[in-house]
Amino acid sequence: MKLFEPADFGALHLRNRIVMAPLTRTRAGAQGIPNDLLVEHYRQRAGMGMIITEGTWPVQEGRSYPGQPGIETDEQVAGWRRVTDAVHAEGGTIVMQLMHGGRVSHTSISDTPRIVGPSAIAAPGQTHLADGTKADMPVPHELTTAEVREAVQGFVQAARNAIAAGLDGVEVHGANGYLVHEFLSPVSNTRTDEYGGSPENRARFAVEVTTAIAEAIGADRVGIRLSPQHNIQGVLEEDDADVLATYTAVAEGLAPLGLAFVDVLQADVTSELVQTIRRTAGAPFIANSGFSSVTTRDEAIALLDSEHVDAVAVGRPAIANPDLALRWEQDEELNEPRPELFYGASAEGYTDYPTLAELRTPVA
């Protein structure tokens, strides 16, 4: 079956077409430095065709959650080097998702004087602070035109740091209501300069970030995640014509680069919108059917066999099954995830899910 066949996406070698989706798990401590828990967590899952790390902040100002890792300081780079060494020792491939949270943050989380966004419009709702309390999402500082270009360079330096840490590549997080996605929506982006207004202008930041990273580390090591019409964290995309125009502009801007992959989060990855992005971008295509349902083995096999996708990104099953690729290939039963432990600071619900081999080893 195609799902279990190897593939090469640019410079990235996948031993199978099962991709570990980026999964926020908040185990990196107050300084955002990958620790023993992260090393073991990613090592355990090296049998996946490719691991995409949890969203990792490129600059302190872009940190969204307590316990989220970064890739800005020497200590963070060294911590990620331990992770990549462990994954590579198991024969795995790992790329880092670069995630600038934009307005989805709070100054007590980022420990910076401000948070930023394309426009001075707060994300809806509240966020969890490190002390366990909640706070309203603050109104972000609207980036000036010059500051937008500085933000691009922040992504570029983070990508260079990721390669220095041994990552095989990077994924630009252009989805789920964070900074790059905030620029794409006319609801979160009401700018009047070249980064706002028309679909082409709102697509500009995503294209510039990805292009600059590709120039810095090689396009064959760069991907991007998109989530058209996911309508999350106040980034709303409800006008079908505008959405098609915006994401076509993104895909057209990416097409000349020769990216390693494009990763799309959408409930119906066979839709004309998603397949238009795929055809236009012209890169290997990773699909994730979204938060509302769990991608099953049968669904993944069907998507590959129908040639709608080149690989399938999997979330919750990868959390609960460190040997998911083996279990799917052998059509074995899966561990059930424990959602109440998805976010935390300990090994529980993180590195303590048993493998098939562990389940079958007799107790002495």
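User: How many of the 10 residues of helix α8 (residues 272–281) are buried?

Analyst: This is a predicted model, where local features need pLDDT of at least 70, side-chain atom pairs count only at pLDDT 80 or more, and totals for chains, interfaces and linings use all residues. Residues are numbered from 1 along each chain as its sequence is written, and side-chain values use heavy atoms, with hydrogens and water left out. Here buried means under 20% relative accessible area, exposed means over 50% and partly exposed lies in between (1.4 Å probe, protein chains only), while helices (H or I, at least four residues) and strands (E, at least two) are DSSP runs numbered from the N terminus. Helix α8 is largely enclosed by the rest of the structure, because the count of buried residues among its 10 is seven.

User: And what do the buried residues of α8 pack against?

Analyst: The buried ones are L273, V274, Q275, T276, I277, R278 and A281. Taking contact as heavy atoms within 4.5 Å, these buried residues of α8 pack against β11 (222–226), α7, β12 (261–265) and β13 (285–288).

User: Where is T26, which has a positive phi without being a glycine?

Analyst: T26 has a phi near 55°. Its relative accessible area is 14%, so T26 counts as buried. In the chain, T26 belongs to the loop between β3 (18–20) and α1 (36–44).

User: Then there's E307: buried or exposed?

Analyst: E307 is also not a glycine, and its phi is positive at about 65°. This residue sits in the loop between α9 (297–305) and β14 (311–314). Its relative accessible area is 54%, so E307 is exposed.

User: At what angle do α6 (residues 199–217) and α7 (residues 240–254) pack?

Analyst: Two packed helices are described by the angle between their axes and the distance between the axes. The axes are lines fitted to C-alpha atoms, for helices over the stretch in contact, with angles running from 0 to 180 degrees between N-to-C directions. For α6 and α7 the axes are 8 Å apart, and the angle is about 35°.

User: What sort of residues make up that contact of α6 with α7?

Analyst: On the α6 side you get P199, E200, R202, A203, V207 and T210, facing D242, A245, T246, A249, V250, G253 and L254 in α7. For the classes, Ala, Val, Leu, Ile, Met, Phe, Trp, Tyr, Cys and Pro count as nonpolar, Asp, Glu, Lys and Arg as charged, and the others, Gly among them, as polar. The contact divides into seven nonpolar, three polar and three charged.

User: Which way does α4 cross α6: left-handed or right-handed?

Analyst: α4 and α6 pack at about 35° with axes 9 Å apart, and by class their contact has 13 nonpolar, no polar and two charged residues. A crossing is left-handed if the near helix is turned anticlockwise from the far one by less than a right angle, and right-handed if clockwise. The crossing of α4 and α6 is right-handed.

User: How are the rings of F155 and F205 arranged?

Analyst: Rings of Phe, Tyr and Trp (its six-membered ring) pair if their centres lie within 6.5 Å, with planes under 30 degrees apart counted as stacked, over 60 as edge-to-face and the rest as tilted. F155 is in helix α4 (residues 145–164) and F205 in helix α6, so the pair ties together parts 50 residues apart in sequence. Both F155 and F205 are buried. Their centres are 6.4 Å apart and their planes at 70°, so the pair is edge-to-face.

User: How many residues apart are Y65 and Y178?

Analyst: The centres of these rings are 6.4 Å apart with planes at 90°, so this pair is edge-to-face. Y65 and Y178 are both buried. Y65 is in the loop between β4 (50–52) and α2 (74–89) and Y178 in the loop between β10 (169–174) and α5 (179–184), with a separation in residues of 113.

User: Which ring does the charged end of R338 sit over?

Analyst: A charge sits over a ring if NZ of Lys or CZ of Arg is within 6 Å of the ring centre and within 35 degrees of the ring normal. For R338 the distance to the centre is 4.5 Å, and the ring is that of Y353.
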